[in-house]
Amino acid sequence: MAKSRKTRSNLILPGRLVFSHCQIVGEVARALIRRMPEWLRAELFPAGAELIAAAHDIGKVSPAFQKKIYAALSQNDEAIRLRLSAFKFNADAEKCWGGHGGVSQATADAQNIGKYIPEILGQHHGFSPNLSTHQATSEVFGGQAWQAQRIELLAQLKQALGVDFPIVKDALQARVLAGLTTVSDWIGSGPLFEDPDGEWQSRIEQALDSAGFVQPQLRVGLSFRNVFDFDPKDTQTKLIEAANQSGVYVLEAPMGLGKTEAALYAAYQLLSKKLTTGIYFALPTQLTSDKIHERVNTFLTRILDDKSPHKALLVHSNAWLKQFEMGEEGNPGGAWFAQGKRGVLAPFAVGTVDQALMAVMNVKHGFVRTFGLAGKVVILDEVHSYDSFTGTILDALVKALRQLHCTVIILSATLTQERRAKLLGIAPISTAYPLITAQPNTGELAEVSAGLISDVSVAIVHQPETTALEEVLHRAAEGQQVLWIENTVNEAQVLYQKLADRAREIGVACGLLHSRFTKTNRTTNENTWVTFFGKDGVETRAQQGRILVGTQVLEQSLDIDADFLVSRIAPTDMLLQRLGRLWRHEKTPRPQTARREAWIISPDLAAAIDSPELVFGATAKVYAPYVLCRSLTVWQGITQVRLPDQIRELIEATYAAQNESEQMAKYLYQVEIMRDKLERLALLGISQGGTTLPEEKAQTRHSELESTEVLLIRSCQHDQKKPGIWVTFLSDEKKWVPYNGRSLSRKQWCEISATLMQNTLKVTDYLAPKAVSKTQIHWLGDYFYLGKPEYEESVMLRVALVDESGAVKSLDNSVVNDSYDISYDALIGYQARKK
């Protein structure tokens, strides 16, 4: 038996036999491959790939697995139980060899079918088994007799599918086929195939549709204006002309020029020519990806034919959570229920760059991401914002995407020459700006200078925080929309609290945006404030002055427009991004007193060089003191900056090599040591050898500090009459959460899980509530992925209560955090104050 099934009344019944399940998965894989364009099939999915997928579970023909699955049934088959009782080892011993996946790998290894296929079979649950002391005929696998049954099963599968194993040419193709195998297994384990007596052949196509593998139907022949309601600028046109085949394309252009639209229309052209399978739009943060969702959804609505099920293809997170069926792993409580992961498999998705980076990392199910990205247009936005650690992984990703026949479009306003060279693996020559660098898979490298863009002049003023506080209140009282950007969440919260009451007294609205809000509150805050400061807020701007305080999330990818900007000193590329939020739209109405001006809160340069940690404060923990001092050196004498003319000049002045004083040379050495360390760490992360990391432990950004997910609720009460918990959320909404989510309809089950997820946030581990035992939160196991003990995954979820005063407390009234007092407020977010 390969599967058991759980009924709504909690009975565990026998499911499909191993041969039947393996055959279904093989046919799912075959149907999935048929949905791919011929050019992608020819390169990555050889004839016989479906047999690899089918063979994934041959290891279930082993005494350890059979003993475990029969023991879990609500009614035991006595005859089978007696036969299996001869094997005396504990079924928990399976984890020593990677469970049934390890047996599949050992079986295939003994058949001499090539280097990669056994490894694919072994890792289909995400981790690579450790088979150092085990072989196919080992006693724990049932010896020669059970191995003979597994070999016979392989022969039956070859006959049923009519194919033999293919030759897998390299490790990257093996990752794609591993992804195909795993995804086919998830779909083939879904509810359409649960009934062991049910007919399944006619359900394959329905299962693929239900999982979201829907082929989009385009409206062809649309012009740029048809899609976006305005004519393209010269730079946009040149990118669209250049990106006409798979390859890597870098667009360097100023903030507000419309890089997003240029990349999307280039993707549309490739979709029209059937040269790509979809789009993955990767952004630095969840906040920016959430806002780009709306723009991409509008784009999809324009380009998809009315006959296409385009509503199913829109990338809004809740729709994905509730609508698509991806088998057990994609159910609530499964490792791939979260939309952030599943979006990589969708025809169109917007997400964080982390999901794409894990496609080249030795991380659980990294190969599923490799499979999901193959053949797509991958748009990498804001690439200047990544450090050496992330940059090293990004370089490996770009190289892999080329081999996966993707079109990679890299967008940045502030890329250094050195960084562009590393991304492309070549030495570019041109220093023009704006600039398109095209490296098609077939053809020569081209550097295309786009048309000149008229400069605007921005006044720069350096002032201390106390003076800036009074100025923003004064400007907002005049009706201006003011943006203040800090470098840490804590600094932004403190500043907001200094401003909020005084702003209210003078009739000025004050808001705060950062990463430490629950998803529910963050969405509300974003929708309010990004609308006020965006194109859709033109009519409301004149109603009152406003002050929006935020962190780096405000400098990336958001189409917001401020009348006046204040920023804490930051690296030059970040300051330029922030200036891009100032007077962004020509037609935006502004108060007569407004001036195109930005204030930078800057310390004295000599004092900063002497004691950077003291002078820069928390900012020195975010950015390297050397880069901060170099940036301050460049900006301290500037009273006027011309954009975009001076962008490349300012970037190169900050980062180009130069003779340094003794003290600055010491800081530079620290940067170089850290850069080397980060690059080595990143290379370790993308190495395919060694231990496979759980996704939660995989670092795609450098940080000594792990983060964890926190669920914040008002209360949770057990019901005496029925098995489950009454959960009260911070909004005072109450929801019934049954212990057995499967007892609900799938729609109800998904809605409860989605609601719970909307009340979570991520915080640094040391600031989070203490971890509680899995038994205390077992009731959440059908709604959140709590890790699997056989893979030694720790529970990354923390759960805490928020009382009416905002204090965060533990579930059992113990100390919630030994070092910090924690509170939560819908307007301020998650705060941790040192005790």
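Visitor: Where is glutamate 382 found?
Guide: Glutamate 382 is in the loop between strand S6 (377–380) and helix H20 (388–403). Helices (H or I, at least four residues) and strands (E, at least two) are DSSP runs, numbered from the N terminus.

Visitor: What am I looking at, and how are residues numbered?
Guide: This is a predicted model, in which local features need pLDDT of at least 70 and side-chain atom pairs count only at pLDDT 80 or more, while totals for chains, interfaces and linings use all residues. Residues are numbered from 1 along each chain as its sequence is written, and side-chain values use heavy atoms, with hydrogens and water left out.

Visitor: Back to glutamate 382. Buried or exposed?
Guide: Glutamate 382 counts as buried, at 6% relative accessibility. Buried means under 20% relative accessible area, exposed means over 50%, and partly exposed is in between (1.4 Å probe, protein chains only).

Visitor: What is its phi?
Guide: Glutamate 382 has a positive phi of about 60 degrees, although it is not a glycine. Asparagine 813 is not a glycine either, and has a positive phi of about 65 degrees.

Visitor: Where is asparagine 813? And is it buried or exposed?
Guide: Asparagine 813 is in the loop between strand S23 (808–809) and strand S24 (820–825). Asparagine 813 counts as exposed, with 69% relative accessibility.

Visitor: New topic. Which peptide bond at proline 434 is cis?
Guide: The one from tyrosine 433 to proline 434, with omega near -5 degrees. Proline 434 has its place in the loop between helix H21 (417–424) and strand S8 (435–440).

Visitor: What else lies in the loop between H21 and S8?
Guide: Alanine 427 lies there. Alanine 427 counts as exposed, at 65% relative accessibility.

Visitor: H30, then. How do H25 and H30 cross?
Guide: Two packed helices are described by the angle between their axes and the distance between the axes. The axes of H25 (residues 572–579) and H30 (residues 647–655) come within 9 Å and cross at roughly 155 degrees. That makes H25 roughly antiparallel to H30. Angles under 35 degrees count as roughly parallel, over 145 as roughly antiparallel, 65 to 115 as roughly perpendicular, and the rest as oblique. Axes are lines fitted to C-alpha atoms, for helices over the stretch in contact, and angles run from 0 to 180 degrees between N-to-C directions.

Visitor: Which residues make the contact?
Guide: H25 brings Thr572, Asp573 and Leu576. H30 brings Ile647, Leu650, Ile651, Thr654 and Tyr655. Contact means heavy atoms within 4.5 Å.

Visitor: Okay, rings. How many aromatic pairs are there?
Guide: Twelve aromatic pairs. Rings of Phe, Tyr and Trp (its six-membered ring) pair if their centres lie within 6.5 Å; planes under 30 degrees apart count as stacked, over 60 as edge-to-face and the rest as tilted. Take phenylalanine 228 and phenylalanine 230: their ring centres are 6.2 Å apart and their planes are at 35 degrees, so the pair is tilted.

Visitor: Which charged end sits over the ring of phenylalanine 564?
Guide: That of arginine 475, 3.9 Å from the ring centre. Lysine 722 has its charged end over the ring of tryptophan 736, 4.5 Å from the centre. The rule: NZ of Lys or CZ of Arg is within 6 Å of the ring centre and within 35 degrees of the ring normal.

Visitor: How many residues of H6 are buried?
Guide: Ten of the eleven residues in H6 (residues 99–109). Among them are His100, Val103 and Gln105. The buried residues pack against helix H4 (63–71), helix H7 (117–122) and helix H8 (143–161).

Visitor: What about the whole chain, how much is buried?
Guide: Buried residues make up 58% of the 835 residues. The chain's secondary structure comes to 32 helices and 25 strands.
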